[in-house]
Every structure is written in C-alpha cells, then in structure tokens.
Amino acid sequence: MRKIIILSFITLDGVMQAPGGPEEDISNGFKYGGWTAPYFYSADDEAGEFMTKRMRSSDLLLGRKTFEIFADYWPKHVEMWPGIMDVTKYVVSTTLDTSDTDKSDWKNSVLLKSVDDIKKLKDSEGSDLQVHGSGNLAQTLFKHDLADELWLVTFPITLGTGKRLFGEGTIPAAFTLTDSLVISNGVIFANYRRAGEVKTGTVGA
C-alpha cells in the first residue's frame, strides 16, 4: 500500500491559494498570489535542507488545475526539482481525457477519474504519493480518509480570503507530529502522520 502525503503551504488562517506567484490562481478575484515569496527570500539554509528532503523523487497525485500549472512550469525548470520528469504524475479529473495527458510535455502522466481510481492506486505497489496544491482533491481525500500524512508549511500571515486547505471541512482524525522546524522569519514546518481516532476526556480529571 502506498502512502498519500498532502504537502501544502498555508497561511495562519488556512489559505492555500496561489502561494507561488501573482498569476498562479486568480480565481474569485484573489489578489495575493505569491504570498510565500518574501519569506523564502529570507529563509535560512536549514529550511532549504528541510524542504529538499521532502521534495525527493516521488510520484505525484494532483488535481486538474495544479496539474496544468505544473505541466506548464516544471518541464522548463527541471534543474530546480531533480527527477520531476521521471516520476509518474497522476491527475484526478472528470473533465480531462487521456489525449490531454498523452500530449502533455510533462511525461509519465496518468489520468484518474474517480475516488475508486485513487483507492486502487493507493492499494498498489510503488512510492509514496505526494499531493501538492490541489485544494479540491485534498477535500476529497479528507472526506474519504485517504490522507496518511500532512506536511504543512505555515507562514506568519493572514489573508482573510482565498481557497483554504480545510475549506470544506474534514472528518474527525488524530495526527502525530513526526518532524518540525521553526525558522527565524516565523515560518513553521510541521509533518503529521495519521494516528487513529479522536480521543476525548476531561482536563484535570
């Protein structure tokens, strides 16, 4: 069985939309695209090492919009992500067809159509599956309890508007912190692993 890992850049109020650039995703009039950039400029070497380990070659599981953004960008910047052209890129979409993935410059792209397709992929042999961006897909994975780990990078900023990682809610679930790092500019890196059901009790009892 393969692990599904959701890696997301988020603000303190949970916004995940367009962290990389102004034109990345302007849907619903979003005007803060590229909100991570000032923090990466001031990030230290330890942060770079932390991220490099997590950007290792691994198959990707993406929603349609993120797939299209990545397919346009990464074939032109392969030196920034070694191995990105070699791993398999799975895109979950009900509007694309196989001709769209076949003609993409982003080689080794495979189309999935349903939650059942995702479950079959998860039950197969292979590397971990990393989910980048893909807010709608993340909601689906949360709803069906298919996310094994969350790798969250939280930035000290609130935006008040924009797509949120948990915008549609999620099931009750417990997680265990497996790795973390706080850097001088206030960015928090935290990795969590699914850890069963939510437990309750009375404080001090």
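Is Phe9 buried, exposed or partly exposed? I looked this up first, and because its relative accessibility is 21%, Phe9 counts as partly exposed; buried means under 20% relative accessible area, exposed means over 50%, and partly exposed lies in between, with a 1.4 Å probe and protein chains only.

**Entry 1: what I am reading**

I note that this is a predicted model, in which local features need pLDDT of at least 70 and side-chain atom pairs count only at pLDDT 80 or more, while totals for chains, interfaces and linings use all residues. Residues are numbered from 1 along each chain as its sequence is written, and side-chain values use heavy atoms, with hydrogens and water left out.

**Entry 2: the sheet**

I traced an open sheet of 8 strands with mixed pairing, in the order β4-β3-β2-β5-β1-β6-β8-β7. Strands (E, at least two residues) and helices (H or I, at least four) are DSSP runs numbered from the N terminus, and two strands pair if DSSP finds at least two bridges between them. At the edges I found β4 (109–112) and β7 (175–182), each with a single partner strand, so one side of each has no neighbour in the sheet. Neighbouring strands of this sheet are turned by 20° against each other on average, direction ignored.

I then followed two of the pairings, remembering that strands of a sheet pair through backbone hydrogen bonds, either parallel or antiparallel. Strand β2 (residues 59–63) runs parallel to strand β3 (residues 89–92), and 4 bridges join them; Leu60 stands opposite Lys89 in β3. By contrast, β7 and strand β8 (residues 188–194) are antiparallel, with 7 bridges, and they form a hairpin with 5 residues between them, where Gly186 in the turn has a positive phi of about 95°.

In β8, Arg194 is the bridge partner of Phe175, and I also saw that Arg194 lies over the face of Phe175, at 6.0 Å from the ring centre. For a charge to sit over a ring, NZ of Lys or CZ of Arg must be within 6 Å of the ring centre and within 35 degrees of the ring normal.

Contact here means heavy atoms within 4.5 Å; axes are lines fitted to C-alpha atoms, for helices over the stretch in contact, and angles run from 0 to 180 degrees between N-to-C directions.

**Entry 3: the aromatic rings**

Rings of Phe, Tyr and Trp (its six-membered ring) pair if their centres lie within 6.5 Å, and planes under 30 degrees apart count as stacked, over 60 as edge-to-face and the rest as tilted; by this rule I have 8 aromatic pairs. In one of them, the ring centres of Phe9 and Phe155 are 5.8 Å apart and the planes stand at 75°, so the pair is edge-to-face. Phe9 lies in strand β1 and Phe155 in strand β6, so this pair ties together parts that are 146 residues apart in sequence.

Which residues form one cluster with Phe9? I found Trp35, Tyr39 and Phe155 there, and both Trp35 and Phe155 are buried.

Phi of Asn108 is near 60°, and Asn108 lies in the loop between α4 (98–102) and β4. Asp145 has a positive phi of about 55° and is found in the loop between α6 (135–143) and β6 (149–155).
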